[in-house]
Amino acid sequence: MWQDHAACKGHPEPDRFFPALSRYTVPQDLRALCHACPVQADCYGYAQEKRAHGYEPGIWAGLSDDERKGLRQREQRRVLRLREAAVA
């Protein structure tokens, strides 16, 4: 599984990846760890899938919930523009 290769596996403070607050800023050290992770794309995909089937809060792929939401919205708008251009 991709989680076996995650840079955060065995992190000494795993709770830092799951802030109790609904809005938060990702700490720079965690963001750097995630951005250097060999399975960051898999982690992001996992978070997106969990979001579609419920809710998986926390820092995934070095991104906060709000940051992932913004990326989803931009991707949805991009897909709609492509569909509109294909129809035109």
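Mentor: Buried means under 20% relative accessible area, exposed over 50% and partly exposed in between (1.4 Å probe, protein chains only). The model is predicted, and local features need pLDDT of at least 70, side-chain atom pairs count only at pLDDT 80 or more, while totals for chains, interfaces and linings use all residues. Residues are numbered from 1 along each chain as its sequence is written, and side-chain values use heavy atoms, with hydrogens and water left out.

Trainee: How far apart are the end C-alpha atoms of H3?

Mentor: The expected span of a helix is 1.5 Å times one less than its number of residues. For the 23 residues of H3 this gives 33 Å, and the distance between the end C-alpha atoms agrees, at 33 Å.

Trainee: Which residues of H3 are buried, and what does Asp65 form with Arg68?

Mentor: The buried residues of H3 are Asp65, Arg68, Gly70 and Arg72. Asp65 and Arg68 are three residues apart in helix H3, so about one helical turn separates them. Their closest N and O atoms are 2.5 Å apart, and what the two residues form is a salt bridge.

Trainee: How many salt bridges does the count come to?

Mentor: A salt bridge here is a side-chain nitrogen of Lys or Arg within 4 Å of a carboxyl oxygen of Asp or Glu. One of them joins Asp29 and Arg16, and a network of salt bridges links Glu13, Arg16 and Asp29. By this rule the count comes to seven.

Trainee: What is the N to O distance between Asp29 and Arg16?

Mentor: Asp29 is partly exposed, with a relative accessible area of 42%, and Arg16 is partly exposed as well, at 27%. Their side chains meet in a salt bridge, with an N to O distance of 2.8 Å. This pair links distant parts of the chain, since Asp29 belongs to helix H1 and Arg16 to the segment before H1, 13 residues away; the distance asked for is 2.8 Å.

Trainee: Which residue forms a salt bridge with Arg31?

Mentor: Arg31 is buried, with a relative accessible area of 17%, and the closest N and O atoms of the bridge are 3.1 Å apart. The pair links distant parts of the chain, helix H1 and helix H3, across 36 residues.

Trainee: How many residues in the lining of the largest cavity are charged?

Mentor: A cavity is a set of points on a 1 Å grid where a 1.4 Å probe fits but cannot get out, and its lining residues have an atom within 4 Å of a point. The search finds one cavity of 30 Å³ or more, with about 40 Å³ of space in the largest cavity, which is lined by Ala47, Arg51, Glu56, Asp65, Arg68 and Arg72. Asp, Glu, Lys and Arg count as charged, Ala, Val, Leu, Ile, Met, Phe, Trp, Tyr, Cys and Pro as nonpolar, and the others, Gly among them, as polar. The lining therefore divides, under these classes, into one nonpolar residue, no polar residues and, as charged residues, five.

Trainee: Which element gives the largest share of that lining?

Mentor: The elements that give two or more residues to the lining are H2 and helix H3 (65-87). The largest share, three residues, comes from H3.

Methods:
On a 1 Å grid over the protein atoms alone, a cavity is a set of points where a 1.4 Å probe fits but cannot get out, and a pocket is an open set with protein on both sides within 12 Å along at least five of seven lines; lining residues have an atom within 4 Å of a point. Grid points are joined across faces, edges and corners, and a volume is the space filled by probe spheres set on the points. Helices (H or I, at least four residues) and strands (E, at least two) are DSSP runs, numbered from the N terminus.
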